[in-house]
Amino acid sequence: MRKRRVLAVAIVAIVLAVGASVVARAQHDWRSASREPVGLAPDPAHTPEAVVQVYGARTVGVRGVFAVHTWVAVKPPRAKAYTVYEVLSWKLQADGTSVAVRARAPDARWYGEAPELYADARGASAEPLIARIEAAVRDYPFTKEYRVWPGPNSNTFTAWITRQVPELRVDLPPTAIGKDYLPGAAVSSAPSGHGLQLSLAGFLGLTASSVEGLEVNLLGFALGVDPWPPALKLPLAGRVGASSAP
C-alpha cells in the first residue's frame, strides 16, 4: 500500500511539473527572447585552430517540454567566423530545403534557452572532420521533408552527420526526438556512429552502443541506461546522472 501511495504521489508531481512547464512555455514570447552567446564556443578572432562543436537546446514553445533542437558548428583553421548547420522547418517552406547553412554564434541561446555542448573537437583532430561534415550536409537525404514527430527533423539531421563522423562520439540526449528516425524498417549504426540501431521508421527501435549505452525507442521517445558515465535516459527529463558532455 505504501509503495502505491509513493508511486501515486510521484505521478501527480510529474503531471503537475509538466503542466506548469507547458503553461510557462505557452506564455513565452520567442520573438523577444535572447539569442546571446553563453560562452561555450572559443572566440574565432583569437582561436586560429580548427573547431568542431555539436549543440542542443530546448526547442521553442510547448514542444520544449519534450524535445531539444540540435545543430553542428565548424570553424576551419584561421577562419574568422563559425558556420552552423541545422534544419529549420520554416526554411523548407520559404526556400524549398530544410537545411540552413549560416554564419552565427554556435553557442547562442536558442530563443532564450541556453545550449548544451555535446561534442567539442579542436586543432589537428578537428581539421579532417570538417570536410566530412560538409559532405554529410550535402548528402542529407531529407532536405525536402520535415516532420516534428517522429522525423525527419533537426535531430534527424544532426544524427545523420554524427553517424558519418564517429570520432566526435556524440551522445544525443533522449529528448532529441527524431534522432532515431530511419525510413522504413532499417538497421544502422547508432546516432553516434558506434554500435547498432534497429528502427521502425522512428516509432519503435533499439540502440546498443559504447557511446549511447542501451536505449529503447517507443513512439519516438527514448528510454535507456548509460553504464559509463552512469546515467538514466528518460523522456522529458533527458539524461539523469553523470554528464557525457566534453
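What follows is a working chat about the fold, the cores and some local details of a predicted model.

User: What share of the contacts comes from residues 24 or more positions apart?

Analyst: Among contacts in the chain with a separation of 6 or more, residues 24 or more positions apart account for 53%.

User: And the surface, how much of that belongs to carbon and sulfur atoms?

Analyst: Carbon and sulfur atoms hold 64% of the accessible surface, which comes to about 12000 Å² for the chain.

User: OK, the inside then. Which residues have the most contacts inside the largest nonpolar core?

Analyst: Those are Val52, Ile133, Phe157 and Leu168, in a core that has 29 residues. Two or more residues each come from β1 (51-58), β2 (68-75), β3 (83-87), β5 (116-122), α3 (127-139) and α4 (154-164), and α3 gives the most, with five residues. As a general background, nonpolar side chains in soluble globular proteins tend to be buried together.

User: What does leucine 168 touch?

Analyst: Setting aside residues up to four places away in sequence, leucine 168 touches Val52, Val54, Ala119, Ala121 and Leu129. Another core, of twelve residues, lies apart from the largest one, and its members include Ala57, Ala73, Val84 and Ala100.

User: Switching to α4: is threonine 162 buried or exposed?

Analyst: Threonine 162, which has its place in helix α4, is buried, because its relative accessible area is 0% and the limit for buried is under 20%. Leaving aside neighbours within four places in sequence, threonine 162 is in contact with Val170, Pro191, Ser192 and Gly193.

User: Now the backbone. Where is the cis peptide bond with proline 150, and which residue does it join to that proline?

Analyst: The cis bond joins tryptophan 149 to proline 150, with omega about 0°, and proline 150 is found in the loop between α3 and α4. The peptide bond from glycine 151 to proline 152 is also cis, with omega near 5°, and proline 152 is likewise in the loop between α3 and α4. For context, most peptide bonds are trans, and most residues other than glycine have a negative phi.

User: Speaking of phi, what is the value for arginine 78?

Analyst: Phi of arginine 78 is near 65°, a positive value in a residue other than glycine. Arginine 78 is found in the loop between β2 and β3, and with a relative accessible area of 64% this residue is exposed.

User: And what about phi of arginine 169?

Analyst: Arginine 169 has a positive phi too, near 50°, and its place is in the loop between α4 and β6 (185-188). Arginine 169 is partly exposed, with a relative accessible area of 43%.

User: New topic, how many aromatic pairs does a search of the whole structure find?

Analyst: The search finds eight aromatic pairs. Tryptophan 110 and tyrosine 111 have ring centres 5.0 Å apart and planes at 75°, so this pair is edge-to-face. Tryptophan 110 counts as buried at 6% relative accessibility, whereas tyrosine 111 is partly exposed at 21%.

User: How are the rings of tryptophan 149 and phenylalanine 203 arranged?

Analyst: Their centres are 5.2 Å apart and their planes stand at 80°, so that pair is edge-to-face. Because tryptophan 149 lies in the loop between α3 and α4 and phenylalanine 203 in the loop between β7 (196-200) and β8 (204-209), the pair ties together parts that are 54 residues apart in sequence. Tryptophan 149 counts as partly exposed at 42% relative accessibility, and phenylalanine 203 is partly exposed at 32%.

User: Which residues form the aromatic cluster?

Analyst: Tyr140, Phe142, Phe157, Trp160 and Tyr181 form one aromatic cluster. Phe157 was also named above, as one of the residues with the most contacts inside the largest nonpolar core.

Notes
Residues numbered from 1 in each chain as written. Predicted model: local features only at pLDDT ≥ 70, side-chain atom pairs only at ≥ 80, totals over all residues. Heavy atoms only, no water. Core = buried A, V, L, I, M, F, W, Y, C linked by side-chain atoms within 4.5 Å. Buried < 20%, exposed > 50% of the residue type's maximum accessible area, 1.4 Å probe, protein only. Helix = DSSP H or I, 4+ residues; strand = E, 2+ residues; numbered from the N terminus. Contact = heavy atoms within 4.5 Å. Areas by Shrake-Rupley, 256 points an atom, 1.4 Å probe, with all protein chains shown as cover. Phe/Tyr/Trp six-rings, centres within 6.5 Å; stacked < 30°, edge-to-face > 60°.
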